[in-house]
Amino acid sequence: MEIGTLRKRQFVLEVVDPSHVGEARRLAVEYASSMGMTEEDCGKIAIAVTEMASNLIKHAGNGKILCEPLGSNGSRGLRVLSLDKGAGIPDVAVALQDGYSTYGSCGNGLGAVRRLSTVFDLYSVPGFGTCIVCELWPHKKPGASNCFSLGVVSLAVRGESENGDGWAIRDNADHSFFMVVDGLGHGIFAAEAAREAERVLNNSHSTSASSLLRDCHDALKKTRGAAGAIAEISQTKGTLTFAGIGNTSATVIDQRSRRGIASHNGTLGHQIHKIQEFTVPWHKDSILIMHSDGLGTKWDLNEYPGLASKHPSIIAAMLYRDFQRERDDVTVMVAKNVQ
């Protein structure tokens, strides 16, 4: 997903029984159809989701399918993630051969999923499970409006229909802004705070991380309040500037270092003692990872061989898989330069 992409809410389906394969296919096709995608496009999505969900049952026993509508430059697409904790794929190159099936079935295979997809990436290491991402767009993928690739997992706690977490992105000339927000508690009132913060980032005329956070603080006084953080990346300056309030986390990783950046105590909309900006270098190979406190903080990408080179959606999904806290909404945002 590129900066400026229109976003709707994600949905996740746990696939633990063969009957869930059809359910995943139905939900994905309904989602795509509601976005105005053609019957032909929906057919491609049905094939891809069926294969991905079937593989969860066949090879891992269970897993999850996540779907996210995308939009860019007037075009609409769908991103689908499959995620499991199985044994991993022994030979990825063989598994990606069109029509290949270890079960001897007439399934289309991951090779067909890759062929049907506009964007496709796969992470599978023995002992680490498998994560697959595919984007399906009518025609070809719209041209990127900026130099970032983005992946986000943002889901409500089990049992809640409203996500009290949120996120937003915005371009401002050379400066790109990334926000993660966590409304206090969860449910509808937390969601109201999160949606208000998203609105502020999209509509404010402020041009720095700290001033945008101040705007959020003023706007959220009518809500329950939230924790929130904003990162501003300047490609020409080669810098990332961060400001955060409450239990939100940001980390910048590259081949040279890993830098965790601190948020100050407080609650946007209620009480903040200090808004302070921190600036760190931003390189061509840098990765920004921001998340709410619905994700644990003890993750380390170095423990996942080759994961840092993968699509940001795969990085976000793997961290969500292994470090989500079951009793809270969770948001994981990953951004990196388009290579």
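Author: The cover over the buried residues of H4 includes H2, helix H3 (92–95), strand E5 (119–124) and strand E6 (130–136). Helices (H or I, at least four residues) and strands (E, at least two) are DSSP runs numbered from the N terminus, and contact means heavy atoms within 4.5 Å. The model is predicted, so local features need pLDDT of at least 70 and side-chain atom pairs count only at pLDDT 80 or more, whereas totals for chains, interfaces and linings use all residues. Residues are numbered from 1 along each chain as its sequence is written, and side-chain values use heavy atoms, with hydrogens and water left out.

H4 is mostly covered, with 6 of its 8 residues buried; buried means under 20% relative accessible area, exposed over 50%, and partly exposed in between (1.4 Å probe, protein chains only). The buried residues are Gly 109, Leu 110, Gly 111, Ala 112, Val 113 and Leu 116.

Helix H2 (residues 39–60) packs with H4 (residues 109–116) at an angle of about 145°, their axes lying 9 Å apart. Here axes are lines fitted to C-alpha atoms, for helices over the stretch in contact, and angles run from 0 to 180 degrees between N-to-C directions. H2 passes H4 in a left-handed crossing, that is, the near helix is turned anticlockwise from the far one by less than a right angle (clockwise would be right-handed). H2 contributes Lys 44, Ile 47, Ala 48, Glu 51, Met 52 and Asn 55 to the contact, and H4 contributes Gly 109, Leu 110, Val 113 and Leu 116. These residues divide into 6 nonpolar, 2 polar and 2 charged, where Ala, Val, Leu, Ile, Met, Phe, Trp, Tyr, Cys and Pro count as nonpolar, Asp, Glu, Lys and Arg as charged, and the others, Gly among them, as polar.

Turning to the sheets, 5 strands form an open antiparallel sheet in the order E8-E9-E10-E11-E16; two strands pair if DSSP finds at least two bridges between them. Its edge strands, each pairing on one side only, are E8 (165–172) and E16 (278–281). From one strand to the next the twist averages 15°. E8 and E9 (residues 175–183) are antiparallel and share 8 bridges, and Ser 176 in E9 is the bridge partner of Asp 171.

Helix H5 (residues 188–203) lies across E8, E9 and E10 (226–234), running at about 0° to E8. Within H5 sits Glu 198, which is buried, with a relative accessible area of 6%. Its C-alpha atom is separated by 6.4 Å from that of Trp 167, 31 residues apart along the chain. The side chain of Glu 198 reaches the backbone nitrogen of Trp 167 at 3.0 Å and makes a polar contact with the side chain of Arg 195 (2.8 Å). A polar contact is a pair of N or O atoms within 3.5 Å; within protein, one must be able to donate a hydrogen and the other to accept it, and residues adjacent in sequence count only if both atoms are side-chain atoms.

A further open sheet of 5 strands, with antiparallel pairing, has the order E7-E18-E17-E12-E13. E7 (148–155) and E13 (258–261) each have a single partner strand, so one side of each is left without a neighbour in the sheet. E17 (residues 287–292) and E18 (residues 330–337) run antiparallel, joined by 5 bridges, and Met 290 stands opposite Met 333 in E18. Helix H7 (residues 312–323) lies across E7, E17 and E18, at about 30° to E7.
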